[in-house]
Structures are given as structure tokens and as C-alpha cells.
Amino acid sequence: MGGALLLALLAAARAGEPNVTDLATTEAELEVEKTPLFPEDLFTEDQRRSGAVLLHVIGMGYMFVALAIVCDEFFVPALDVIIERLAIRDDVAGATFMAAGGSAPELFTSIIGVFVSFDDVGIGTIVGSAVFNILFVIGACALFSRTTLSLTWWPLFRDCTFYSISLLVLIYCFRDNVIYWQEALVLFSLYGAYVLFMRWNQPVERALKKLIYKNKVTRVRSTDQLMPTVSSPAQTLHALRHGFG
């Protein structure tokens, strides 16, 4: 229902877009090859071939270690304080604060891809990282966990539902290879709706589980009828007398 409403809003927004001639002109302008705006390397090609490329590898390794230290020593403790102060659940915090912090590198990758390198590396990074997080990260956590992880179906169902709707809207926006400001506004609104939904996450979860499990029948074993019932003290005394007699 929500996805159909968003698609209808996008269709209405497209009613005021430029005509076919303007779109052809825009596409022709986009096809013009643009020179990437990357800064010049400190080393020449001969120096890199002579071993200077190892300095780039060391720099990348240093950044990975620095990122791990910052996340482990500052980001996660700060997230714990936010969860405690706002009294929110771990899955909600992970889907909002932790997701925003973890997706910050993807945001800057997209910015560099659009405004510096002039390619679509950002889109591949975003969609590919979602697949990496769902398959590799969850599998690695379950594989190397030292304790039994208690997981429920609701966070996965909730996030997959919003993720599927967002992908459908994104596909609709990319069908002409151009993103207009109306479409960008719809994408921002969709994320705002997701964050706003987290405000009523627990009531919605309880209501949905109550609806699903209202007709659930507990399995009755054949031995249940053989279990002794609650008896009065007189009956218990009579049974003891006959037992010892």
C-alpha cells in the first residue's frame, strides 16, 4: 500500500517534468565525458612501480585500523549511552543510529563518485554493501559467536519490508537514468517514514504478534490426562491410609 502510494506520487511529480526534447538534451549533456577531479598523486608512475605503491597500501591499512579503533573505543560506547538515555531497544538503535554511523563511509563514497569521479560507483557500493551486511556480516557473527544468539523474526521482517519498498522506489527513479529533485525528496521522505515508524515499533510488534498468535493451539500430549489433579487434604489423607494399609 505504501509503495503504491509513493509510486503514485512520483508519477504525479513527473507530470511537470520537461518534455522529450529537453530530456534528450539532458541525456546528451550527461554523455559528455568528464575528467575526474582526483588530486594528483605525490609519486610518479615510475616511483610507484619502484615500490612507492607500498606506501599507499600502508596508508590504507592505517585507515582501516584507525576506523576500527574509533568505532570500538568511541562509537559503540556512545551508542550505548544513547540507548540508555533514550530507553530504546537494541534492534531499533541498530537500525537507526548504528546504521547511520555504519553507512557514513558509503555516503562519502557516493559523494566522491558523483562530484569527483563522475561515475556510478556510489550506487554499486550502497546496494552491494546491503548484500554484504545481510549475508557475510550476519553469517560471520553467527559463526564466531561464543554464546547462543537469541534472535527474533520481527526485526528482519520489518527491515526487509522497508528495504523492499525502497528498492522498488529506487528502481522506478532510475528508469530514465536521471534523478529529479522530486524523486530525491520522496527518497528522503521514505527514510523519514522508516525512522518515524521506529517510534511505534514495539506497539506495532505486539499488535502483529497478537494477531498472528491469537489462534495458536498448544499441543496436548496423550499423557496429560494421566497427570494427577489437585485434591483436597481429606482425599490425600485417604489415599495415604490405603497406600500404607
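Colleague: Why does asparagine 201 count as buried?
Modeller: Its relative accessibility is 1%, and buried means under 20% (exposed is over 50%, partly exposed lies in between; 1.4 Å probe, protein chains only). Asparagine 201 therefore counts as buried. Please keep in mind that this is a predicted model, where local features need pLDDT of at least 70, side-chain atom pairs count only at pLDDT 80 or more, and totals for chains, interfaces and linings use all residues. Residues are numbered from 1 along each chain as its sequence is written, and side-chain values use heavy atoms, with hydrogens and water left out.

Colleague: Which residues is asparagine 201 in contact with, leaving aside its neighbours within four places in sequence?
Modeller: Arg89, Asp91, Val92, Trp154 and Arg158, where contact means heavy atoms within 4.5 Å. Asparagine 201 itself belongs to helix α9, residues 201-212; helices are DSSP runs of H or I with at least four residues, strands are E runs of at least two, and both are numbered from the N terminus.

Colleague: What makes helix α3 short of a straight helix?
Modeller: Helix α3 (residues 45-86) has 42 residues, and a straight helix at 1.5 Å a residue would reach 62 Å, taking 1.5 Å times one less than the number of residues. The end C-alpha atoms of α3 are only 53 Å apart. There is also a bend of about 80 degrees at glycine 51 in α3, the angle being taken between axes fitted to the seven residues ending there and the seven starting there.

Colleague: Which residues of α3 are buried, and what covers them?
Modeller: The buried ones are Ala52, Leu79 and Ile83, and their cover includes α4 (90-102). After α3 comes alanine 87, with a positive phi near 55 degrees.

Colleague: Why is cysteine 71 called partly exposed, and what about cysteine 160?
Modeller: Cysteine 71 has 31% relative accessibility, so it counts as partly exposed. Cysteine 160, at 36%, counts as partly exposed too.

Colleague: Which helix has the lowest mean pLDDT and which the highest?
Modeller: Helix α2 (residues 20-30) has the lowest, 48, and helix α8 (residues 181-197) the highest, 90; pLDDT is the predictor's confidence in each residue, from 0 to 100. For the protein, the mean is 76, with 74% of residues reaching 70 or more.

Colleague: And how many helices and strands does the protein have?
Modeller: There are 10 helices and zero strands. Of the 245 residues, 15% count as buried.
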